[in-house]
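Please walk me through this protein model, starting with the overall picture and ending with single residues. I have not looked at it before.

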Amino acid sequence: MSDSKRISLSSYPQKRLSGDNDSYADPPRPSRIQGMMNLGEEENSDEFISDFEDEKEKNEKDYKNLYPKRPKDNSFLQQRLKSYNPIFTPGLTVSIFLGICAIFVLFGGILIAISKKTNEVKIYYQECSSMASTDEFTTIPKTYVESYFHQLKSPSEDILEAQWKYTPDADAIDTGNVFSENGTCQIRFTTPYVIRKPVYMSYLIKDYYPNHRRYALSFNEDQLEGKETSINEIHTSTGIKCAELYKDDETGKQIYPCGLIANAMFNDSFSMTLINQNNQNQNYIMDNSSITWSTNSKRFKKTSLSYKDIAPPPYWKQRFPDGYNETNVPDISTWQEFQNWMDNPALPIFSKLLGKNTTQNLVPSTYQVDITLNWPVREFSGHKAFYLTHGSSIGGRNNFLGQVYLVGGLVCLAAVIVVVGGKLLSGRRSADKSRLTWNQ
């Protein structure tokens, strides 16, 4: 084709075949932006920028509609937050383990040091009715006496002198239990050193398993909160309920408080005054007005049930031989010993607070405490004890937590020895390129 025969692009037909059919299709029209650029308009003109932003917003809107659940583009959702990825070289690993070891050993040593400065006295009296004399005070066997005084050069030495005497109760009611204990156990003990304030008096139970599922769930929360309940509600309610002990067999009345926990409540009675045998003017008085958690007042309320519709649990017959009347229905909102007992423990050895003295030290002397026996333990080979101690910043005397920290520190130290030994025995340098697989 010669130069004179050249055909310009404008000479092409305005319609083109659409492909499969013979019809013509209009070519795509250029956008306004393209037209403005072809006409030589500047890109930074106001009209161009406005049209460009409109088209950009339209594209973004179409994109969002296409992917409606796509996370937002930010550092948090797109996992672009700055992070530190340490390389655990032998040196860094040893430093970390040594730091943990130092912290654990320090805490463990402090906890054990505090625990070792806590004095305590434990006198087990479950055999008082069978072994103690009824005429005079006799020495309590060493197996039933445990004491610790940090002032001793050899704290493991048992120097506590303790005696007991048993006085049977002639007016006791026969409950039909051959293991029942009716009477008073008088215990005398001599403290060789001061037990500093605050002093706490508790009873301690051993080899008693309150974590059995049927026992631990045997109570009714509505009864404890003072609400009106029926026999059917406390017996058939879902979950926590008094399925085992809900109705009195003799009267057919609702048991209040129902359940195995309340029925088995510890009811040995302790005198709140430790009588000083050397000087009656220095008797040590315990206070039992604030011996439970303050939050228990929100849970335990006075019952709304009439005394005519309720009966005491079977094991409370000695305390309520004729049942409830207008004056003797227990008010659990103020009965703090009951509130302590209903806080069911998890272990077979536990103690419950009975009284405390926060104003006076217990000076060295011989003291007597009288215990009225009502709660038998010999039938299940259990143990019960009079427990006297004083408070510390970590509670009572217990070396377990400090020992756990020390063991953790020793484990970290052993890990350091293993890492250092492996490093020395292997003879391998860190980041040795010759050890890469493609150089083998």
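This is a predicted model: local features need pLDDT of at least 70, side-chain atom pairs count only at pLDDT 80 or more; totals for chains, interfaces and linings use all residues.

Residues are numbered from 1 along each chain as its sequence is written, and side-chain values use heavy atoms, with hydrogens and water left out.

The secondary structure of the protein consists of 11 helices and 16 strands. Both are DSSP runs numbered from the N terminus: helices are H or I with at least four residues, and strands are E with at least two. The protein has 440 residues, and 32% of them count as buried. Buried means under 20% relative accessible area, exposed means over 50%, and partly exposed lies in between, with a 1.4 Å probe and protein chains only. The accessible surface of the protein is about 28,100 Å², and 53% of that surface belongs to carbon and sulfur atoms. Such areas come from the Shrake-Rupley method with a 1.4 Å probe, and for residues only the protein chains shown count as cover. Among contacts with a separation of 6 or more, 74% are between residues 24 or more positions apart; contact means heavy atoms within 4.5 Å.

Next comes the largest pocket. A pocket is found on a 1 Å grid over the protein atoms alone: where a cavity is a set of points where a 1.4 Å probe fits but cannot get out, a pocket is an open set with protein on both sides within 12 Å along at least five of seven lines, and lining residues have an atom within 4 Å of a point. The volume of the largest pocket is about 580 Å³, a volume being the space filled by probe spheres set on the points, with grid points joined across faces, edges and corners. Its lining has 20 residues, and S351, Y387, G395, G396 and R397 lie nearest the centre. Strand 3 (120-124), strand 8 (199-206), strand 14 (349-357) and strand 16 (383-390) each give two or more residues to this lining. Strand 14 gives the most, with 5 residues. By type, the lining residues divide into 7 nonpolar, 9 polar and 4 charged. Here Ala, Val, Leu, Ile, Met, Phe, Trp, Tyr, Cys and Pro count as nonpolar, Asp, Glu, Lys and Arg as charged, and the others, Gly among them, as polar.

N119 sits in the loop between helix 3 (90-115) and strand 3. N119 counts as buried because its relative accessibility is 1%. Its side chain makes a polar contact with the side chain of Q151, at 3.4 Å. A polar contact is a pair of N or O atoms within 3.5 Å; within protein, one must be able to donate a hydrogen and the other to accept it, and residues adjacent in sequence count only if both atoms are side-chain atoms. The backbone oxygen of N119 also lies 2.9 Å from a polar atom of the side chain of T389. T389 belongs to strand 16 and is buried, at 7% relative accessibility. Leaving aside neighbours within four places in sequence, the contacts of T389 include I195, P198 and Y200.

P198 is in the loop between strand 7 (183-190) and strand 8, and a cis peptide bond joins K197 to P198, with omega about -5 degrees. A cis peptide bond also joins Y256 and P257, with omega about -10 degrees.

Which residues does P330 contact, leaving aside its neighbours within four places in sequence? They are Y256, W316, F320, Y324 and W335. P330 lies in the loop between strand 13 (310-311) and helix 10 (336-342) and is buried, with a relative accessible area of 10%.

Two residues other than glycine have a positive phi: Q79, at about 60 degrees, and S381, near 55 degrees. Q79 is exposed at 74% relative accessibility, and S381 is exposed with a relative accessible area of 54%.

Finally, V105 is found in helix 3. V105 and L410 are 305 residues apart in sequence, yet their C-alpha atoms are 7.9 Å apart in space.
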